[in-house]
Amino acid sequence: MIIAIASGKGGTGKTLVATSLALSFDGEGQLLDCDVEEPNAAIFIKPETEKTIKASVPVPVVDESKCDYCGRCSEVCEYNAIVVAKSKVLVFPAMCHSCGACTLLCPRGALTEQPREIGRIETGRKGGLRFVPGCLNVGEAMSPPLIRQVKKLLDPGQTAIIDSPPGTSCPVITAIKGSDFCLLVTEPTPFGLNDLVLAVETVRKLKIPFGVVINRSDLGDNKTEAYCAAENIPVLLRVPFQKEIARGYSTGKPLIEILPEYKNKFRRVLEEISLIVKRSANKHEG
Amino acid sequence: MKQIVVISGKGGTGKTVVTGSLAALAQNKVMVDCDVDAADLHLLLHPEIKERHEFKIGQTAVIDRQLCVKCGQCLELCRFEAIRPDYTVESFSCEGCALCHYICPARAIRMAENIAGEWFVSVTKYGPFVHAKLGIAEENSGKLVAKIRQVARDIAKRDRLDFIIIDGPPGIGCPLIASLTGVDRALIVTEPTLSGLHDAQRVMEVARHFSVPVRMVINKYDLNPEMTDQIDGYCRDYGVPVIGRIAFNRMIVESMVAGKTIIEQASSPLIKELTEIWEQLEE
């Protein structure tokens with residue numbers, strides 16, 4: 001079972017929920033940090049690093065001895081990553097989406113692909129938990145290729161938690177696509193609700209069953225609860241604001257360490273999620 | 001004309017609340033919400049939309065099922081896993097590269113223009129406001145950011161405004177880069193947590209990479225005074241002035257719930273702190 005943690009808005013407590021949910025597993029499990037622009041799960045997991053994998057994307061390289069400057073590569077590149085002058089081909093690797101069109105369509109076979117590093121993945125372990133965090137290099141614009149590479153390391157035999165980036169566009173879609181369930185973390189403020197509604201639209205579009213966690217549930221107003229009730233969205237956990245949590249979290253402590261009674265609460269959330277996933281699978285078969 | 005962007009690396013540090021306050025304090029300005037993925041500034045500024053425009057960009061593959069011979073080439077060569085085994089296109093995965101269109105031997109794939117979102121020019125009680133809504137699951141948010149910044153620059157030039165105040169997106173990827181390049185100053189709002197420091201460090205590096213001068217504000221500083229000192233020290237070593245510290249205050253949440261900026265709603269110590277932040281920024 002793959003459970004993605006998402007939020008629409010940043011700072012609602014996605015990492016707080018993802019890390020404690022992963023640490024509350026009974027047996028083996030895995031946590032993938034796909035918030036590769038700002039990966040923070042490691043701060044709370046404090047894993048023993050096993051190996052570092054350099055993540056790269058293929059970008060075109062021109063063999064000018066074969067090139068006749070026909071301009072086909074530049075014509076088919078939708079991202080303006082190749083410019084062909086009279087006797088020079090310029091490649092702009094930062095704009096390349098690594099789709100492979102130029103290499104494949106070059107009539108003279110003058111283009112090949114070479115890897116360009118965009119980030120790294122430092123796999124690690126904490127007890128029974130496998131930890132796979134992606135970290136995008138500073139200055140890189142595109143995170144989805146790195147997110148895809150983190151997800152390639154997912155072991156399908158074990159329950160997986162995916163900590164996703166904020167927002168509703170390509171990075172978060174790449175992170176949550178293919179999950180069995182999506183847990184949306186929100187807070188009961190107009191900002192939180194505005195972004196929750198967008199996140200709900202997103203998971204509905206992807207046809208992934210989902211539920212909500214309300215963080216700082218006693219700050220703000222009750223419009224978020226009302227929205228969830230009206231939309232028939234299960235609220236699986238409420239975490240009230242406590243200075244103790246904020247303080248502990250600020251020093252890198254996971255929630256279930258700050259308040260151990262949350263371990264059972266997170267286990268119950270996991271149980272409820274697996275029930276919902278089973279029910280939704282049955283519905284699809286039926 | 002001076003462009004000031006408010007960023008954070010991490011989301012939820014209070015970026016929009018600070019931007020809203022600057023919008024209330026600055027004179028002669030246009031505001032832009034560049035967090036097109038999850039725009040929130042409109043919840044404080046209550047814009048009245050005057051202009052609405054479609055944002056057309058990129059394209060999506062469409063397979064003609066009559067012509068398709070199910071040869072499997074598109075399925076095999078698409079690197080974005082956007083072609084389903086039943087030869088339909090998963091539009092939210094398609095990056096519009098058109099590779100499938102070129103290689104399809106049956107010429108069954110065409111590229112259709114994509115409407116990725118909308119952008120608006122509005123009036124608010126604080127002045128003009130340019131904002132946008134990216135369609136769900138759309139990409140190219142960096143280009144939408146570039147578009148609304150251009151519109152704001154045009155308005156600032158036309159109306160001879162002194163400032164462009166930009167609410168930036170979280171992260172360090174393309175929307176952030178598109179919000180940050182070419183501005184006169186970036187204000188980073190951080191909170192005293194390990195993740196706040198970690199993300200602020202990364203976003204400071206991005207700002208340095210693009211040679212943008214940076215100032216720092218520590219929000220909720222009293223939640224962890226030791227961490228606040230640590231961030232202070234880090235900023236000093238990095239050469240980034242810390243120009244403000246905002247205490248944790250339930251009133252900030254209350255003003256957000258009321259849909260008001262802190263300047264309209266909250267108590268005087270908060271207003272004083274934010275006024276001092278603005279005075280140091282506008283210099």
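This is a predicted model: local features need pLDDT of at least 70, side-chain atom pairs count only at pLDDT 80 or more; totals for chains, interfaces and linings use all residues.

1. Residues are numbered from 1 along each chain as its sequence is written, chains are lettered from A and ligands numbered from 1 in the order in which they are written, and side-chain values use heavy atoms, with hydrogens and water left out.

2. Between chain A and chain B, the buried area (the accessible area, with a 1.4 Å probe, that two parts lose on being put together, summed over both) is about 5,200 Å², and carbon and sulfur atoms give 60% of it. A:Glu38, A:Val138 and A:Phe191 supply 13% of the area that chain A buries against chain B, more than any other three residues. The contact (heavy atoms within 4.5 Å) takes 61 residues from chain A and 58 residues from chain B.

3. Across the two chains there are 26 residue pairs in polar contact, both at pLDDT 80 or more; a polar contact is a pair of N or O atoms within 3.5 Å, where within protein one must be able to donate a hydrogen and the other to accept it, and residues adjacent in sequence count only if both atoms are side-chain atoms. Of the elements on the side of chain A that touches chain B, helix 7 gives the most, with nine residues. Helices (H or I, at least four residues) and strands (E, at least two) are DSSP runs, numbered from the N terminus.

4. Four salt bridges are counted between chain A and chain B, a salt bridge being a side-chain nitrogen of Lys or Arg within 4 Å of a carboxyl oxygen of Asp or Glu. One joins the side chains of A:Lys177 and B:Glu90 (3.0 Å, N to O), and B:Glu90 also meets B:Arg84 in a salt bridge (3.5 Å, N to O), so that A:Lys177, B:Arg84 and B:Glu90 are linked in a network. B:Glu90 counts as buried at 13% relative accessibility, whereas B:Arg84 is partly exposed at 31%; buried means under 20% relative accessible area, exposed over 50%, and partly exposed in between (1.4 Å probe, protein chains only).

5. Over all chains the count comes to 24 salt bridges. A:Arg72 pairs with A:Glu75, their closest N and O atoms being 2.7 Å apart, and both residues lie in helix 3 of chain A, three residues apart, about one turn of the helix. In chain B, B:Glu276 forms a salt bridge with B:Lys272 at 3.4 Å between the closest N and O atoms, and these two residues are four apart in helix 11 (residues 268-282).

6. A:Asp163, in strand 8 (residues 160-163) of chain A, deserves a careful look. A:Asp163 is buried yet has no salt bridge, the nearest side chain of opposite charge, A:Lys14, being 4.3 Å away (Lys and Arg count as positive and Asp and Glu as negative; His and the chain ends are not counted). The side chain of A:Asp163 does make a polar contact of 2.9 Å with that of A:Thr15. A:Lys14 and A:Thr15 are among the buried residues of helix 1 of chain A, in which ten of ten residues are buried.

7. A:Glu187 lies in the loop between strand 9 (181-186) and helix 7 (190-206) of chain A and is buried, with a relative accessible area of 10%. The side chains of A:Glu187 and A:Arg216 are joined by a polar contact of 2.3 Å.
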